[in-house]
Every structure is written in structure tokens, then in C-alpha cells.
Amino acid sequence: WNGRRSGGRPRQVSFLLCVCVWQSGAESLRYSLAEEMERDSFVGNIAQDLGLAPSQLAARKARVVSEGSQQLFRLNPSSGVLTAKESLDREEICPQRETCTLSFKVFLDNPLELIRGEVEVVDVNDNSPVFPKKEMVLEISEMTSPGSHFPLESARDKDPGSNGLQNYSLESNMHFSLSFGKGKGGGKYPELVLEKQLDREEQPVLNLLLTATDGGSPPRSGTAHIRIMVLDANDNTPMFSREIYEVRLEETSSPGPIVARVEARDPDEGSNGRVQYAFTQTLEGSQQLFDLNADTGEIRLAGKLDFEDAQKHEMMVKATDGGGLYTNCKVQVEVVDVNDNAPEIALTSKTASIPEDAPPRTVVALFSVRDRDSGDNGRTECTIEGDLPFTLTPTFDNYYELRTNAALDRETTAEYNISIRATDWGQPRLSSRQSVRVQVWDVNDNAPAFSQELYSLWVTENNSPMVRIGSVKARDADAGSNARVQYALVREEGEEQPALSVNAESGDVYALRSLDYERLRALEVRVRATDGGRPALSAQAVLRVLVRDENDNAPVVLHPGGESGAGELVPRWAPAGYLVAKVVAVDADAGQNAWLSYELAKATEPGLFRLAPHSGELRTARAVAERDAPRHRLVVLVRDRGQPPRSASATLAVALLHRFSDAHVRLSHEPPPAEPDQTLRLYLIACLACVSALCLATGLAALLIKVRRDRRKRDEPLPTFPTAVADSDAGSLPRSLVYDVCLATGTLSSDFQFLGPLLPCLP
């Protein structure tokens, strides 16, 4: 039990709160709530009625949406309790309705689910019957016959049903009794019935009290005073030509034109025959929409009709003559619906998201369409504008599901702006549009892709450890962590640690140690790029590192070899261009760093010999003369073309002889004596003088020298290449052209022996 004040005077409100909940097969909830309850009043426990735990409601983002623009209820996701956001006034929410039902929808996510619900607002007796006027004045002729009926203004009670108006009572008097008349709609109104003829001379004015009582508990009542003015005889009452005037108006009719004309005639003369018109027993809303000319009976439209607010207007017109006699007629205005309301699209959310691997027919969003018109004007259809991989599926109560109808690809389209158009079937057809933004979640469906299948990088030998020599790059068409690429070298089982390293994040390639071109000219590994998805996807590319040669090796002279150089014999009759010797050198480097040039750095007789700069051939620059010294010492410089250039030198001894069989001439690696040429001639003359005497000794000596030379050949090992040279195929002299030069020292003659290559010629 609860009490409340309204309008400055207390009134008692009694109510009984009944909460009734049941769930149909279509997941429908029904509750009831008494009106005028306080704010945040308990309506029902949705979690309990749905068989869900409150934590499930919170996890599934449960929310309540009331129909219409005003949200009347609130759902507590923590407890699952549905409460009223404010105190509900049934008469304000559902005027002139027997039942007041408020519909709402419960939306649940994961999975998407919609549950219908209704709350019936139960009426309480909080309104008393009220008469339109506190005082009603009736003018009744004294000639009125007993049994005449005089309709009275009906009381209004905003409460419906049993709490509404139930009965009238009239205070006791000797002239009138109370009866009830019934209107065409079935409603009853009070009437005064004259029981005893009036006598103006005896009582010109009568005052009565009319009481209206409702059926509430306790009942409420309202009163009106009736003042009856007794008139002189006016024996004719005005008469309408029709009891009911029916009019049809379109809701778009403009204010101003005449809607209807009522006419009542009174055969009396003078003021008793002059009729005045007025509205009576008409709802306030209808009176504001229409104007009645009191003299002519013309009814004009004064406001804007709306079929959605009221489909019919009923008005009672009272015609009163000058003598106070009156009669009533009814005017019924039927409002014709016109297609003046476009469909309304109510979206649960203007944004949605879906993974790109979602199968077709996946539900993306849910929305409803409502048109306030009726008939075909309120019938709607929905379409999607454009060629998009989505479709609409109707469900129930004008609700639609937005579903996919094809596979999605985020890399092609990451977001869709779907325009939904709702069109009614009226004439002309009206439509409205709403947009839904659908974001496509990324799924790891793209492997990284290298920009090249083969990366070729160069590094100069003798590099510093951990020097950056380049980078590899792979891109992933996915997004977020699915597109984050990490790099690593692919190592086979049992493979040794490579000389390279790849930065896992940037793809930069580093040389872990110093590289030597002469040992390793190229290195090839495989690089793997792996994304951050689950499961991870990867791709591979080939990384080839080429070592660039650097001039870090000096030339090596193969001939003449030894620290003291080598000896060569030149006959005195040698002409210009005579080949004395060939300087042979190699360089372990490659390219320009191994291109060698030869030059004479020092010579005993500079003008006698010349050295070819490219081939290393030592030839006589002119014919040998008798005056030339018999022994010459030459220093040969071999230089490569690297930057900076490197060089090596070798010493070559040359002896000039008349004949190679001269046993008294020996090659010497010592520098020639600094004695003058005259002394040398004396020695030669002495030697020649002894030749004849030593002829026999010379033959014997020649035989011994031959035997000794053969023995030395057998015992002397073949010369070998330096290690660095033997391991390289670089240099100015190919291996297939390397010859062994054998000279017999300590004899008067030397022979050149050309041998085959020391190393096999490999392809």
C-alpha cells in the first residue's frame, strides 16, 4: 500500500504488485508492474528466468531496448535484474486503453540472440472521476412534460476497467430522478428524468448535486452542481436533420476548409426559434482540432490530423434555442491514412566486425524496420545497395539479419560500409537509409613474400667481423602480428656455423668473421622469413655472398729462384733480340690485382738488355760486343696493378761466352770485379795461350763434367710452388705453362730443359 499527492490535494493510491514470468518456446518473457511505482522498482530477474548466471549476461553484453524513442527499463548485467528507470503513469503511457503492455527486446552477443519481452503496467485507482464543468446549468421550460430526459455532461475517469467510472448518483429531490443513456459506442451517460412538472412560480431555480463514483477500492468520486433554470413555456425543441454526421478526411488535409455543417431547426419564433451550436461531451484533443461556428453550425479543420495518433474523432454537437431547449447530434470524423511516414530502421549497432575466414551465412548484425503507417503504407521491404558479399534475411516482427553470402578477404577489402534501404509499399513509395560499418578481422592466411628469390651481396675480403653487407626484405599482406616478419638462416642438420648472420627483425645481413678471397670466393645460404601468426607461415630465399678480391698478396717470382738469383749464358755472337731468359712470376690475387708488369730495376750494362713489361722475356737490346763485360748482374722488379700496388724482385746473373764448352769459364753469382777491361783481356789471352797445352786435359775434364752433371740431375729435386701460389689459379702464368729451368752450375755449359707441367691441368 502506498500513498501519493497530486494537484495539491491528497489522494490514496492502492496497488497490488504482481510479477508473473513465463517463457515461451520463442524465448518470450512477460512481467507485470503496478503503475506509480518508485524509480528503479523491481520488474523481474531476467537471468533467473532465462536460466543464465548473471556473469553470463555480463559476458554476453546483455542489453535491453524498449520499443519507441523512450527507454523505460534498465537491466543490471551484474545481477540480471530488470528495473523501471522511472515511475510509470499508465494513463500517460497508454491513454484510453484497456490493457497497457510495453514491449522490449533483450539482446545477447556471443552468440547473437534476441529475446522478446513484455511488461504489463497494472492500473491502480489513482484518478477520481472528474466532470468537465463543476457546474452545469439547464434551462427547462415549465411546460416540459414529466418523463422527459435531459442528458448531462459525463464525468471522465482516466483509470480503465474496474477502477474507471462505474456509477452516478443524484441527491434526493422531488422533481428529478437519474437514469442512464447509451451512446453508439456502448458508453453510458447520465440523464435527468423529470418526474414532476416544474412550476416556475413555485420554484424558479433548482440546485442538485450529481456524484460520479468509480469501482476502485476504496472508491473515488467526483461531484458537479446542476442548476436548473425554469423557463417560461417554449414548447418546441430544436431538431437535427440527422442524428449522426459521418465525414472522411485524409490525414494530410490542410487546416481551414469546412469539414461538415450541422443544422437544427426550431419551429418557434423569435428567440425561442434561434438556435445556437456548441460542442458537448467531446474529448479535449478533438475540440482543439476542429472549430464550430455557433451561429451557422459549420465545422472547420483547425489543426493537423495524424492517423497514427487517432484514427477517428467523435464530437457531440448541442443545438439550443433561445428558449433553452436543446438537442444533440454526433459528428464522426474518420481519418484516412496517407503514406506520410518513411520506414524507420533501428540498428542494434552501427559497427560490426567479423573474421575474414568466417563461412558464408554468418550473422553480422541485427536490425528492425518500423513504419507508422497502416496497410500497404506500412508494409516494408529491405535491400542492400551495391554489389557486396552480404544479404538480408527476415526473421520475425520486422527484424532482419545481416549475413555474409560469400567468402571475405581482408587483404582485398578490410572494411565494408553497407547501406541498407527500407522502402514501403505506399504511393508514393517512401524510403530511408542506414549504414552499417563492417570491419573484417585479419586471419593469418598469407605467407611472407621476399622481394627477390635470389639476393646477391658483395663483401670485400679482410672485412671487419660483424660488418653489415646488405639486407633481405620480405613483406606479409596480413596485418598486426600476422604481418610481423622475422628472419633466420636455414641450417641443415650437421652443418657448421655459417660465416653470416641475419638480424631477425630488420633482415640486415652481417659477416660474422673476416673473409679471405683466396680461400672462399662465394658463399650461398638460404634465409627463412616467418610471420607472427598462429600457425606461423614462412617463405625462403637464396642469399649469395660474393667475396671481392683485395690486393693483399705480393707477386711471387718463380724464375729466377733462390736468394742469389740464377745464372744465364749468352754467346758473344748473340744478335739484338736474343732471348736470354724468361722471368716467371705469379700473384695469388685475382683480376687487376694479379696483372703483373716487369721492369729492370738495376743492370750492370743498362743498354745491353731489355725486359718485356708484360711477358717478362729478357732479351738483348743490341748485339753483344767484344768490349762488353763477361759478367752482368740484373735486378728484375715485378709489380702488380692493385691499389696500393705490391711488388717483388729477383736477381739474374748473365755471363757472356765465346762458346758454351769453355771449361774455364764459370758462372758466378758474385758481383763482377771492379778491375778495368785491360786486365780482363790479359787474363783471357793467358787462358787462350794455355788452351793448346791443355787440349788433352780439356777432353778429360769435359767427360768428368758430363758425368757429374748427370749425377746432379738425378739428385737435384724439382722446384715447387709456394703454398699460396699453388692454392690459387690466379697469376700471369697458367699452371699448364709452368716449366722447370735446370742449370748446371760449376760447368762451362748450361742446357735448358723444358719439362711438362708440375701440376695436373684440372678443368
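**Note on selected local features**

1. P111 sits in the loop between β8 (101-108) and β9 (113-122). The model is a predicted one. The peptide bond joining N110 and P111 is cis, with omega about 0 degrees.

2. N110 lies in that loop between β8 and β9 as well. Its phi is near 55 degrees, a positive value in a residue other than glycine. N110 counts as exposed because its relative accessible area is 60%, and the cut-off for exposed is over 50%.

3. A cis peptide bond also joins R534 and P535, again with omega about 0 degrees. P535 is placed in the loop between β41 (522-530) and β42 (538-548).

4. R361 is not a glycine, yet has a positive phi of about 75 degrees. The residue is found in the loop between β27 (351-355) and β28 (363-370). With 45% relative accessibility, R361 is partly exposed. As background to these points, most residues other than glycine have a negative phi, and most peptide bonds are trans.

5. S649 belongs to strand β51 (residues 647-657). Leaving aside residues up to four places away in sequence, S649 touches V557, V635, V636 and L637. For V636, 13 residues apart from S649 along the chain, the C-alpha separation is 5.4 Å.

6. L700, L703, L704 and V707 make a nonpolar surface patch of about 400 Å². Of these, L704 is located in helix α6 (residues 695-715). L704 is exposed, since its relative accessible area is 55% and exposed means over 50%.

Note on methods:
Residues are numbered from 1 along each chain as its sequence is written. This is a predicted model: local features need pLDDT of at least 70, side-chain atom pairs count only at pLDDT 80 or more; totals for chains, interfaces and linings use all residues. Side-chain values use heavy atoms; hydrogens and water are left out. Helices (H or I, at least four residues) and strands (E, at least two) are DSSP runs, numbered from the N terminus. Contact means heavy atoms within 4.5 Å. Patches are made of residues with over 30% relative accessible area and no salt bridge: like charges are joined within 9 Å, nonpolar side chains (Val, Leu, Ile, Met, Phe, Trp, Tyr) within 5 Å. Accessible areas come from the Shrake-Rupley method with a 1.4 Å probe; for residues, only the protein chains shown count as cover. A salt bridge is a side-chain nitrogen of Lys or Arg within 4 Å of a carboxyl oxygen of Asp or Glu. Buried means under 20% relative accessible area, exposed over 50%, partly exposed in between (1.4 Å probe, protein chains only).
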